[in-house]
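Dear colleague,

Please find the structure below, handed over for your review. My notes on it follow.

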Amino acid sequence: MRDHPGYFPDPDVLEELGTPERPYRRPKWRVRTLLEWKDSRPGSGKRSVERAAPALPDVPVDGDPDELLGASQAAALLGFKSVNSFSSSLGQGNLPLLKTVDTTSEKGGRRRWTRRRILEQAAQRTAR
């Protein structure tokens with residue numbers, strides 16, 4: 001309660017305990033108070049404010065086939081709505097041609113694939 005003020009409802013009763021040298025308080029809530037608070041919460045895992053995913057870049061299909069592209073560019077070429085959905089699909093094994101990376105960047109070890117492999121994967125996805 002101390003670390004997150006305003007999160008939990010105010011106690012119905014606040015018992016004053018301890019000694020004058022070392023006082024402390026014990027908060028108590030009625031079951032009804034807690035149930036009303038629980039029902040007013042947005043729920044497990046639900047955000048009160050929806051945040052839009054960052055827009056994917058515009059990546060031209062025609063370009064150097066050996067150019068190395070990152071995850072956001074691959075997601076855009078493959079038609080995903082976000083980098084997160086691309087990464088999830090990749091992790092689930094739904095993009096077998098991109099399972100191995102062509103290289104990783106020196107700065108941060110980011111995954112990179114050639115435009116050729118990404119477009120081959122896109123062709124396989126649309127052929128299904």
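How many salt bridges does the count come to? The count comes to 8, where a salt bridge is a side-chain nitrogen of Lys or Arg within 4 Å of a carboxyl oxygen of Asp or Glu.

This is a predicted model, in which local features need pLDDT of at least 70 and side-chain atom pairs count only at pLDDT 80 or more, whereas totals for chains, interfaces and linings use all residues. Residues are numbered from 1 along each chain as its sequence is written, and side-chain values use heavy atoms, with hydrogens and water left out.

One of the salt bridges joins E15 to K28, with the closest N and O atoms 2.6 Å apart. This pair links distant parts of the chain, 13 residues apart: E15 lies in strand β1 (residues 13-18) and K28 in strand β2 (residues 23-28). Strands are DSSP runs of E, at least two residues, and helices are runs of H or I, at least four, numbered from the N terminus. E15 is partly exposed at 22% relative accessible area (buried is under 20%, exposed over 50%, partly exposed in between; 1.4 Å probe, protein chains only).

R116 and D66 also form a salt bridge, at 2.6 Å from N to O. Here R116 belongs to helix α4, while D66 sits in the loop between α1 (31-40) and β3 (68-69), 50 residues away.

Helix α4 (residues 115-127) also holds Q121, which is buried at 0% relative accessible area. Beyond its neighbours within four places in sequence, Q121 is in contact (heavy atoms within 4.5 Å) with L78, N94, L95, P96, L97 and L98.

Yours sincerely
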